[in-house]
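Subject: Structure for your review

Dear colleague,

I am handing over the structure below, and my notes on what was found in it follow. Please read them with the structure open beside you.

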Amino acid sequence: MTWKCPVCGYENADDSLFCIKCGTKKPEQQVEQTPAPLVGQQTSDQQPVEQQPVVEQQLVQQSATSEQQPVVEQKASQQGVVEQPAEAVKAEQPQSATTTVSKYYILFINTPNPAFNKTKLPLDFDIFPSISVGRSPENVIVIPDPEVSRKHAIISFENNELYLEDLNSTNGTYIYDGKIFQPVKGKIKIQPNSIIKLGNNTVVRIVGE
């Protein structure tokens with residue numbers, strides 16, 4: 001091989017360090033540089049990068065997502081709010097107690113006739129939906145009191161409710177409100193254990209069992 005003098009153009013032997021003709025020093029040979037591989041291009045010296053399988057990538061992403069607490073839950077935990085199932089909330093609400101009464105009675109507390117005191121007579125609403133009370137023998141419940149009118153009042157049972165009606169009696173019908181006896185005007189709804197005064201002397205209680 002020969003090298004060409006850059007000054008005189010003479011072809012010199014490859015092992016000559018200077019040009020034989022003009023004495024010019026042999027130029028340094030340019031080292032052929034290997035072009036750098038492009039990004040993403042695999043060279044023979046480089047080991048192939050092991051790609052993570054798609055399934056494994058999805059599992060990693062799902063794991064990272066599950067570790068993040070949702071914003072709603074974060075706010076609830078910061079505020080100390082604990083959500084409870086609808087069933088639990090519903091179970092905590094108090095239930096109204098309903099008392100089932102199968103039979104009613106009229107209990108005499110005070111009458112002019114001592115033999116009637118503490119006597120309990122049934123109010124059979126299955127046979128008599130409206131039970132008349134008075135001094136006359138025509139009534140369902142007869143009260144031997146001269147101050148009780150012949151047809152004094154009616155006790156009825158309608159739509160699972162008790163009612164008391166005064167029949168324009170002479171001496172009136174009264175119901176005890178916990179303090180005094182209040183006069184009954186027309187037809188009113190009453191509760192079991194209500195205390196009723198017929199006239200001035202007869203006092204009874206409506207008892208449910």
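A residue is called buried when its relative accessible area is under 20%, exposed when that area is over 50%, and partly exposed in between, with a 1.4 Å probe and only the protein chains taken into account. The model is a predicted one, in which local features need pLDDT of at least 70 and side-chain atom pairs count only at pLDDT 80 or more, while totals for chains, interfaces and linings use all residues. Residues are numbered from 1 along each chain as its sequence is written, and side-chain values use heavy atoms, with hydrogens and water left out.

I begin with the aromatic rings, where Phe, Tyr and Trp (by its six-membered ring) form a pair if their centres lie within 6.5 Å, and the pair is stacked if the planes are under 30 degrees apart, edge-to-face if over 60 and tilted for the rest. The structure holds five such aromatic pairs. The one between F125 and F157 is stacked, because the ring centres are 5.4 Å apart and the planes stand at 25 degrees. This pair links distant parts of the chain, since F125 lies in the loop between β4 (120–123) and β5 and F157 in strand β7, 32 residues apart (strands are DSSP runs of E, at least two residues, numbered from the N terminus). F125 is buried at 11% relative accessibility, whereas F157, at 27%, is partly exposed. The pair of Y176 and F181 is tilted, with centres 5.1 Å apart and planes at 50 degrees; Y176 is partly exposed at 36%, and F181 is partly exposed at 28%. Ring pairs also link Y104, F125 and F157 into a cluster.

Turning to the interior, a nonpolar core is a set of buried Ala, Val, Leu, Ile, Met, Phe, Trp, Tyr and Cys residues joined through side-chain atoms within 4.5 Å. The largest one has 21 residues, and those with the most contacts inside it are L123, I141, I155 and I206. At least two residues of this core come from each of β3 (104–110), β5, β7 (153–158), β8 (161–166), β12 (195–198) and β13 (202–208), and the largest share, three residues, is supplied by β3. Leaving aside residues up to four places away in sequence, I141 touches I106, F108, L121, L123, I131, S132, V133 and G134, where contact means heavy atoms within 4.5 Å.

Finally, V140 is found in the loop between β5 (130–134) and β6 (141–142), and at 37% relative accessibility V140 counts as partly exposed.

With best regards

Technical notes: Helix = DSSP H or I, 4+ residues; strand = E, 2+ residues; numbered from the N terminus.
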